[in-house]
Structures are given as structure tokens and as C-alpha cells.
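The tour below goes from one selection to the next.

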Amino acid sequence: EIVSSRFSWAWPQPEPMCSVYSAVSGEALAVVDDYEGKTAKEVKRSLAAQVGVSRFRQRLWTEDWFHEIQDDEVFTSDLVKVQ
């Protein structure tokens, strides 16, 4: 008798995360994992509590440094690197 089995591995999908770095030192300051659907202003408020820097002093940029993310922009699950 031949017995055959099929295994299906279901790896959990990683949660979208956004890493935040110091523009001066390059040091990782925080990881934000609940940014999807929030405005940049909301993310900055959350970051202010985590890193101790007022949201008014924070600047969020796209990974290529080509576009500053404005306070009213809404984050999506697309890969984004902010500094």
C-alpha cells in the first residue's frame, strides 16, 4: 500500500511595519506597526510619545528622500521608509 501525504505550510504574513531613523545619526528610533490607515499627523503624535520629540519637530520622508510626507497624508500598507 502506498500512502501519500501533502503538507501545506501556511506562514503567517508579516505585519506591515515602518522603521523610524534619526536623520542626524542614522540610529533606529522606533518601529511603528499600526500606521496603516492613519494620517502622518497621527503617526507623529504616536512617535512623539515614544521618542520624546514633538510632532512639530518631526519630518517624515519617503525612502528615496524625494517627498516629504505631509500631515494630512494617509499611510497605506505599501513599503515606506521614513526618517
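This is a predicted model: local features need pLDDT of at least 70, side-chain atom pairs count only at pLDDT 80 or more; totals for chains, interfaces and linings use all residues.

Residues are numbered from 1 along each chain as its sequence is written, and side-chain values use heavy atoms, with hydrogens and water left out.

**Stop 1**

Select strand S1 (18-21) and strand S2 (28-32). Strands (E, at least two residues) and helices (H or I, at least four) are DSSP runs, numbered from the N terminus. S1 and S2 run antiparallel and are joined by four bridges; two strands pair if DSSP finds at least two bridges between them. To see one of these bridges, show Val20, whose partner in S2 is Ala30.

**Stop 2: Ser22**

Stay in the loop between S1 and S2 and select Ser22. Its relative accessible area is 16%, so Ser22 is buried (buried means under 20% relative accessible area, exposed over 50%, partly exposed in between, with a 1.4 Å probe and protein chains only). Which backbone nitrogens does the side chain of Ser22 approach? A polar atom of this side chain lies 3.2 Å from the backbone nitrogen of Val24. The side chain of Ser22 also reaches the backbone nitrogen of Ser25, at 3.2 Å. A polar contact is a pair of N or O atoms within 3.5 Å; within protein, one must be able to donate a hydrogen and the other to accept it, and residues adjacent in sequence count only if both atoms are side-chain atoms.

**Stop 3: the aromatic pair**

Rings of Phe, Tyr and Trp (its six-membered ring) pair if their centres lie within 6.5 Å; planes under 30 degrees apart count as stacked, over 60 as edge-to-face and the rest as tilted. The count comes to one aromatic pair. Select Tyr35 and Phe75, which are edge-to-face, with 5.7 Å centre to centre and 75 degrees between the planes. The pair links distant parts of the chain, 40 residues apart: Tyr35 is in the loop between S2 and helix H1 (40-51), and Phe75 is in the segment after strand S4 (68-69). Colour by accessibility here: Tyr35 is buried at 2%, and Phe75 is buried at 6%.

**Stop 4: the salt bridges**

The structure holds four salt bridges, each defined as a side-chain nitrogen of Lys or Arg within 4 Å of a carboxyl oxygen of Asp or Glu. One of them joins Lys38 and Asp34, at 3.2 Å from N to O. Lys38 is partly exposed at 28%, and Asp34 is partly exposed at 40%.

Next select Lys44 and Asp71, whose closest N and O atoms are 2.8 Å apart in a salt bridge. Lys44 is in helix H1 and Asp71 in the segment after S4, 27 residues apart. Is Lys44 buried or exposed? Lys44 is buried, at 5% relative accessible area, whereas Asp71 is partly exposed at 29%.

Arg55 is buried, at 15%. Finish with Lys44, Arg55 and Asp71 displayed together: they are linked in a network of salt bridges.
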